[in-house]
Amino acid sequence: MYPAARVATTYNQAEPRYFPVYIWTGLAVDPLISAAAFVLGLAFGSFLNVCIYRMPRGMSVVRPGSACPQCGERIRFYDNLPVLSWVFLRGRCRRCSAPITPRYAVVELLTGLLFLVCYGHFGPSLGTLKCAVLGFLLLGLIFTDAETHLLPDKLTLPGLAFGLVISLFVPVNDLASLLLPGVFQVPVSSDISWRLFSLIDALLGSAVGASFLYGVGAIYLRWRGVEGMGFGDVKLMAMLGAFLGLRLTMLTILAASLAGSLFGLWTVFVVWVKRTARRKQLFHESGRAARRRAWASAQVALRRHQMPFGVFLGATGLLAFFFGQQFLRWYWRSL
Ligand SMILES: [Zn+2]
C-alpha cells in the first residue's frame with residue numbers, strides 16, 4: 001500500500017466509528033492520560049479566556065496578571081482555578097462582587113472536553129496535537145468573533161503557519177495525496193513524496209478557501225455597498241484550509257453559509273414577531289398593519305446587523321475536521 005494511504009488510515013479520520021463510544025474506550029484504556037488531557041485542556045482554556053479578552057483590545061496576553069475589570073483587584077491563583085473558582089465564587093468578583101461572565105467557565109470546560117475528545121479520537125499521535133491546536137485556535141476565534149466581531153491575526157496567522165508545517169507530519173489526505181501518486185508513479189517506499197503531497201493539499205485548501213471568501217466578499221461589497229465579510233474571515237479560512245485540505249474546506253464554506261443563512265432568517269423572524277407584538281400593544285395597530293411595518297423594520301435591522309460569520313466558519317470547520325471525511329463518504333455512497 002502507498003505510505004500516505006497507510007499513515008492516513010492510522011492518523012486521519014478514515015475509520016468510521018461511533019464517536020462517543022470511542023472516547024469512552026479511550027478513557028478506559030488510558031484513564032490517566034485522558035484525565036491529564038482534560039486538565040491540560042482546562043489550563044489552556046483559562047489562557048484562552050485571557051486571549052479572548054485582551055487580543056481584540058491590543059493588550060499583552062502575558063503581562064500583567066489577571067485582574068477584575070471592575071475594581072482592578074489582582075486575581076489570586078486560588079480564585080483563578082478553571083471552572084471551579086467560577087462556581088465557588090458564584091460568578092462574582094471576591095472583592096467587589098461584580099458579575100463575571102459565564103463565558104470563562106464555558107470556554108475552560110469546552111477546551112478541556114475538546115482536548116479529551118482529540119486524545120480519544122487520535123490516541124497518542126501527532127494527530128492529537130494537530131487536533132488540539134486547531135480546536136484551541138477555533139474556540140478562541142469563535143468566542144472573540146461573537147463578542148467583538150474581530151478575528152485576531154495573533155490567532156489566525158500562527159495557526160496558518162502551524163497548519164502548513166504539521167501537514168508534513170500528519171497527512172491531510174486530500175485530492176493531491178489521492179491523485180498525484182498515480183500521476184507521478186512515485187516509488188511505494190517514498191517517505192518524502194507523501195509529505196510533499198500532503199503539504200500541497202494544505203496549500204491548496206488554504207489558497208482556494210481564502211480566495212473563495214475574498215471573492216465572495218468583494219462581490220458582496222460591490223453589490224450591497226457594505227462590507228459583508230471582513231479580511232479576518234479570509235485569514236481564518238486560509239488557516240482552516242491548511243488543516244482541512246480542499247474538499248473539507250469547500251464543505252465547511254458550504255455548511256457555514258447554510259448555517260449563517262438559517263440563523264439570519266431565524267433572527268429576522270424573531271425580531272418580526274417581537275416588533276409586531278410591540279406595535280399592537282403600543283400603537284394599537286391592526287394585526288395586518290403591525291405585521292407589515294414590523295417586517296420592514298426587521299429587514300432594516302438585519303441589514304444593519306453584522307453577522308459574526310467567523311463563528312459559523314469556526315464551528316463548521318471543527319465539525320468538518322472530525323466528521324467531514326465520514327460525511328463525504330456517506331454522501332457519495334448514498335448518491
Ligand atoms: Zn472586582
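**Confidence**

I noted that this is a predicted model. Its chain averages a pLDDT of 85, and 89% of the residues score at least 70. I then asked which element has the lowest mean pLDDT and which the highest. Where pLDDT is low, the predicted coordinates should not be read in detail.

**Helix 9 and helix 11**

I looked up helix 9 (residues 191–224) against helix 11 (residues 246–283) and found an angle of about 25 degrees, with the axes 8 Å apart. Angles under 35 degrees count as roughly parallel, so helix 9 and helix 11 are roughly parallel to each other. Their crossing is right-handed. From helix 9 I listed Asp201, Leu204, Gly205, Val208, Gly209 and Phe212, which meet Leu246, Thr249 and Ile253 in helix 11. By class, this contact has 5 nonpolar, 3 polar and 1 charged residues.

**Helix 3 and helix 6**

Next I took helix 3 (residues 31–54) and helix 6 (residues 126–148), which pack at an angle of about 35 degrees with their axes 10 Å apart. This crossing is right-handed. Helix 3 contributes Phe44, Leu48, Cys51 and Ile52 to the contact, and helix 6 contributes Phe136, Leu139, Gly140, Phe143, Thr144 and Glu147. I recorded 7 nonpolar, 2 polar and 1 charged residues in the contact of helix 3 with helix 6.

Note on methods
Residues numbered from 1 in each chain as written. Predicted model: local features only at pLDDT ≥ 70, side-chain atom pairs only at ≥ 80, totals over all residues. Axes fitted to C-alpha atoms, helices over the stretch in contact; angles between N-to-C directions. Helix = DSSP H or I, 4+ residues; strand = E, 2+ residues; numbered from the N terminus. Parallel < 35°, antiparallel > 145°, perpendicular 65-115°, else oblique. Left-handed = near helix turned anticlockwise from the far one by under 90°. Contact = placed C-beta atoms within 7 Å. Nonpolar A, V, L, I, M, F, W, Y, C, P; charged D, E, K, R; others polar. pLDDT = per-residue confidence, 0-100.
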